[in-house]
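Let's take a walk through this protein, one piece at a time. Keep the viewer open and follow along.

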Amino acid sequence: LTTALYTAFFAGLPNDPMFSSVTNACCVPKQHPDQTMLHDFTNIGRFMCRMLVDRRLMPGNVFSAVVFRHILTPPDRPTRVFFADLEAYDPALARTFVATLTSDVTDWYLDWGDLGDINKLVTNANKAEFVEKRTRHLLLDGCIHGLNAMRAGFWAMASDFSMQDDLKILSARDLQLLMCGRRVVGAAEFLAECRFQNFSAA
């Protein structure tokens, strides 16, 4: 498969109804997928692994880093979610949460409704827990079925190509670099790849 095909396919996912995206980038699977969507998520996972086999790259900001982290996290271990993941996914909400953490929320009358407890208020004592759980729900727990399907498809394709042992030594950041490339290249790295004629690199 060509680079253009992979690029066109993955570049369109943030705007696909199967995925949730605030900034047309860093998307995660939609919550409450039906069986057809779960099947499609599985195929997307297989397609991601096949892209590694074909040595192609997807656009670097299509998926949240949580997607790559979840793919490489064994099913019997929890996937880690960081505040930086939220900052990439929804910068405005991240700024709101920073304000929540650094302010007196006594008179804000925020509740835990998005986490299933509308009668529980956000207080100065529990606001850090609220932000942590809300972030995790938004990027992982709420879309876990789609993420699990993508992971299952990815490892099924990896098994087809006997890649499991090689992939297990990678970090999530390694996998993301292999699949997306580097968005920023330093001057030293750039110059190291240059060949100068008739003048010096200095």
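Where does Ser 162 lie? Look in the loop between H7 and helix H8 (164–168). Before going further, bear in mind that this is a predicted model.

Ser 162 has a phi near 55°, a positive value in a residue other than glycine. Ser 162 has a relative accessible area of 59%, and because exposed means over 50%, Ser 162 counts as exposed.

Asn 24 also deserves a click. Asn 24 is not a glycine, yet its phi is positive, at about 60°. You'll find Asn 24 in the loop between strand S1 (19–20) and S2. The relative accessibility of Asn 24 is 53%, so Asn 24 counts as exposed.

## The overall layout

Zooming out, the protein has 10 helices and four strands. Going along the sequence, they come in the pattern α-β-β-α-α-α-α-β-β-α-α-α-α-α.

How much of the protein is buried? Of its 202 residues, 37% are buried. As for contacts with a separation of 6 or more, 64% of them come from residues 24 or more positions apart.

## H1 against H2

Now go to helix H1 (residues 3–11) and helix H2 (residues 35–53). These two pack at an angle of about 145°, and their axes are 12 Å apart. The crossing of H1 past H2 is left-handed. On the H1 side, the contact is made by Leu 5, Tyr 6, Phe 9 and Phe 10. H2 brings Ile 44, Phe 47, Met 48, Arg 50 and Met 51. Sorted by type, the residues of this contact are eight nonpolar, one charged and no polar.

Is Leu 13 buried or exposed? Its relative accessible area is 5%, and because buried means under 20%, Leu 13 is buried. Setting aside residues up to four places away in sequence, Leu 13 touches Phe 19, Cys 27, Ile 44, Val 62 and Phe 63. One of these, Ile 44, also belongs to the H2 side of the contact with H1. Another, Cys 27, is 14 residues from Leu 13 in sequence, with 7.8 Å between their C-alpha atoms.

## H6, buried along one side

At 1.5 Å a residue, its 13 residues should span 18 Å, and the end C-alpha atoms are 18 Å apart, so the two agree. Which residues of H6 are buried? They are Lys 127, Phe 130, Val 131, Arg 134, Thr 135, Leu 138 and Leu 139. These residues cover an arc of only 135° around the axis, so they sit on the same side of H6.

What covers the buried residues of H6? The cover includes strand S2 (28–29), helix H3 (65–72), helix H4 (83–89), helix H5 (91–102), strand S3 (111–112) and helix H7 (144–160).

Leu 93, Ala 94, Phe 97 and Thr 100 are the buried residues of H5. Their arc around the axis is only 115°, which puts them on the same side of H5. Arg 95 and Thr 102 are exposed on the other side. The cover over the buried residues of H5 includes H4 and H6.

## Around H3

His 70 is part of helix H3. With a relative accessibility of 3%, His 70 counts as buried. Beyond its neighbours within four places in sequence, His 70 is in contact with Thr 79, Leu 140, Ile 144, Leu 147, Asn 148 and Arg 151.

Val 81 sits in the loop between H3 and H4. Leaving out residues up to four places away, Val 81 touches Val 66, Arg 69, Thr 135, Arg 136, Leu 139 and Leu 140. Among them, Thr 135 and Leu 139 are buried residues of H6. Val 81 and Ala 65 are 16 residues apart in sequence, and their C-alpha atoms are 8.9 Å apart in space.

Notes: Residues numbered from 1 in each chain as written. Predicted model: local features only at pLDDT ≥ 70, side-chain atom pairs only at ≥ 80, totals over all residues. Heavy atoms only, no water. Expected span 1.5 Å × (residues − 1). Buried < 20%, exposed > 50% of the residue type's maximum accessible area, 1.4 Å probe, protein only. Arc of directions from axis to C-beta. Contact = heavy atoms within 4.5 Å. Axes fitted to C-alpha atoms, helices over the stretch in contact; angles between N-to-C directions. Left-handed = near helix turned anticlockwise from the far one by under 90°. Nonpolar A, V, L, I, M, F, W, Y, C, P; charged D, E, K, R; others polar.
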